[in-house]
Amino acid sequence: MNPWTTPIVVLLILTSASAGCVGKKRDCTDEGPANLGGQDLRVLDNGAWDGAYAFIKPIFEERTGSRLVQIRAEDAGAALKQVQDSKGAPVADLIYGVDNALFAQGARAGVFQAYESPRLASIDTAVIRLNDFRFNGVLLATPVDHGFVGVNYDRAIRDEASEGALPQTLRDLAGASWASQLVVEDPRLSTPGLGFLVATVATFGENGDYDYLDFWADLLDHGALVAQDWTEAYVVHFSAGYGRGSEGFAGDRRLVVSYTTSPAAEAYYGNTTPPSVSFEPAFGVFHQVETVAILQCTPHVALAKAFVDLLLEPEYQNAAAENMAVYPVTQNATMPEAFTMHATDPKDLRPAPFTGDDLDRNVPRWLDEWTSVYQKHQA
Amino acid sequence: MDERGESRLYAALPTLYLLLFFAVPVLAVIAGALAAGGNDAAGLAREAARLASTDYYRNRIRFTLLQATASTGLTLLLGLPLAYVFSHYDFPGRRFLRAAYTAPFVLPAIVVALALHAYIGPRSLTGLDLLTPLGPTGAILLAHVFYNTSLVLRVVGNHWERLPPGFGEAARTLGASRWRALARVELPILRPAIASAALLVFVFDLSSFGIIVLLGGPRTGTIETLIYQELRSFSPHYGTAALLAMFQLLVTYLALTLFVVLQRRSRTHWTPRSRTERRPLPRPALALLVVATLLLTGPPIALVAAAFRYQGEWSARPFQLLASSEATLGSYTAADAVANSLRYAVATLVLALALASLAALALNRARRAAWAEGLLLLPLGVSSIVVGLGLLLSWDGRFLPDLRTSGARIVLAHTLIAFPFASRILAPTLDAVPPALREAARTLGARPFEVVRRIDLPLAYPALGVAAVYAFGASLGEFGATLMLRRPETVTMPLAIFEGFTRLAPDARVQANALAAVLLVVALASFLLLERLRIRAWGEFA
């Protein structure tokens, strides 16, 4: 027998096997079954949905008779990239966690499907602007929770009297003693990183004696570390982050850009005093409104709509804070005890200074201007 | 059929593969990026000029080349003496140790970064802090040596142990000292193998990503990290990314061609033989082994030790969690990740070895053209994000079949890395076979395929074993392209480990540690198994 018969046969088998897996190009006009049962609904999340997913899964499955499947991404930005990369053959039926800073990107890419839930009326419009999620007048994403991106610090700073006073304002942070202890995420690549950039624009403005770019120049000159993403910042560098307690952990950054509700979440999971503390919103934060959006091309449209409705029901809204460390978007939702102790009172929440239109128009420019400063100061 | 015709025939399938799964996807990304960037030729030229005159880009491009060169040099410095020791001396645990040295090859960057910290970081388990004095650049070089030393050990060692002792003995009979015989006779004969190993190490270091990000400081970056930033930014600059990707292709291609030209085909031919007599280990060799073992197996051992820590105590609980954990790994279990990894690795192994054998034969039969070899190896040096994105963009049902929902695309991407790699490992062995052997066979009436079966394959068997180890390992440890191409049902061990590190649930990290230990053990076992197959096969022909 010819010695090449075996490899060639193997190649042919593999080729045909892979050809067999090849689906025909999917027809995106097919909305799928009108009934709710007997399907799999896939939700691509922002990497922080675990607790809420575990909570809602049995409720959803019991109510619809379909299965709920979670797909994790590192953060909302990574999730949105994944959706854009797989446009036309989406990896999921819905995306959870796209916020007001990222919404326009997804809307412009044409990956979201319009849906106005009958439960929209329950959303607390004193803090949430629905218009931020309209694109050409059409609502493409439904707000389901909100919170802040801001600066958190290692509780040890406060426990050490010799460390002196904590920074009082964002501008204090850019001084040499604090900036050298700070790790931020790259705003081009990470959702909390982008949120923090927006917070600095809101705080310092774009004109004036000391604008947001001056702040960033000081921050970088004084040794702030720019991590690629939240994972790197929180696992590798933040002294009170997830790396803490693992063998040989050497994270020495005692301040980190993260969600201001992280400490409350850690208190909830760890049931003890959380290792980190967040500054009050007045310190300088980005008000982040997170949404759920139905993706184009999903073959489970009816089921996906039922899922969006379910997330606005009191049951989920009450549980969101407890399971995910975020604030509910509906009026009259309740908050767990860990929150009253470790996070800002929701009564103090106000809508973000920037509307969806502001963000859509300006975010790319802010990112480019930031990049110039960054490249100059980290050359 | 003459050798040229044979060469064309053998080259057909590998060429087709590279065209369909490398050239088309990469061109799709570059063309798409240029179109989306809205740049005309003049705009691109201006952008190129801007990059060339901006310190930020220039420093990172320079760093890319310097760190790859330095890493390769250091890897050879440790790898070559090791190759000598493993091929000339006998000692207990020799085979196991070689497999253990190879295990780092499959580890995801985040695991290596954390293991290095646990082993020699500022607050390490050993109490020894080497990372602080080394600094970010030193840490990157160390990690690259850690990853790639086994490549030199295996590719060169495999050659060395089958080199007939006659060469060196003749030199010494003629009065040469032992060192002189080594430097003037043995090393030149081994040059093709050394060049192959160095080339593979160099391209791996050139396109290193995770290690650069995790161990580097704010001022260390490479072309690879620049492409990532431009392409994946919320304000993407596609034109810039395309320029950088083309530049990376060009640099890689030039470097590869340079290596191939430098190596030139050795004019010394010899019939390889299996070495039966090995001397006992002398003291300096023992010292070298101790150093290498500390460096190459220390971090993995620290990693396995860390996997048995649970809430500050020694415990097997992490593994129980891992075995039971549908809840914390999301839509898949750890068993899914292990099964997928093994499935992809086996498929990659078969496909890559078949393609690599064809490619190596094609190169051997042709009067070798350096430009063609450079092209063959190009996939090794190209950003895995570009390759992954390219496969998504081109095999999407418009012009080519839709592979986006098929698990096959993972194997195709892994093979793209594994097969040029494997062919580079096979090539020096095939080239060393004296042409007289093949001519004799032909004179005796053997047809071309028979020559391959009776002469080339048996003599290449041990190299095929090494190629198998790395084809398997390249798939088992692949991260970047797998991440780009992932769907929930295609999770692999490296992806699941990475995910475990990013989760809030307190046990997730513990499980990630445990899964990293599982990955190490799976890699070690596979390598030992592949070597056993190799020995048995060799026994049949020797």
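Is B:Arg365 buried or exposed? At 1% relative accessibility, B:Arg365 counts as buried. Buried means under 20% relative accessible area, exposed over 50%, and partly exposed in between (1.4 Å probe, protein chains only).

This is a predicted model: local features need pLDDT of at least 70, side-chain atom pairs count only at pLDDT 80 or more, and totals for chains, interfaces and linings use all residues. Residues are numbered from 1 along each chain as its sequence is written, chains are lettered from A and ligands numbered from 1 in the order in which they are written, and side-chain values use heavy atoms, without hydrogens and water.

B:Arg365 pairs with B:Glu6 in a salt bridge (a side-chain nitrogen of Lys or Arg within 4 Å of a carboxyl oxygen of Asp or Glu). Their closest N and O atoms are 3.1 Å apart. B:Glu6 sits in helix H1 (residues 3–37) of chain B and B:Arg365 in helix H14 (residues 334–365), so the pair ties together parts 359 residues apart in sequence. Helices (H or I, at least four residues) and strands (E, at least two) are DSSP runs, numbered from the N terminus. B:Glu6 counts as buried, at 2% relative accessibility. Salt bridges with shared partners join B:Glu6, B:Arg365, B:Arg438, B:Arg442 and B:Asp456 into one network.

Now chain A. A:Arg365 forms a salt bridge with A:Glu206, with 2.7 Å between the closest N and O atoms. A:Arg365 lies in helix H15 (residues 356–377) and A:Glu206 in the loop between helix H8 (191–204) and helix H9 (212–221), so this pair links parts 159 residues apart in sequence. A:Arg365 is partly exposed at 33% relative accessibility. A:Glu206 is partly exposed at 29%.

A:Asp186 and A:Arg188 also form a salt bridge, at 2.8 Å between the closest N and O atoms. Both residues, A:Asp186 and A:Arg188, are buried. Over all chains, the structure holds 25 salt bridges.
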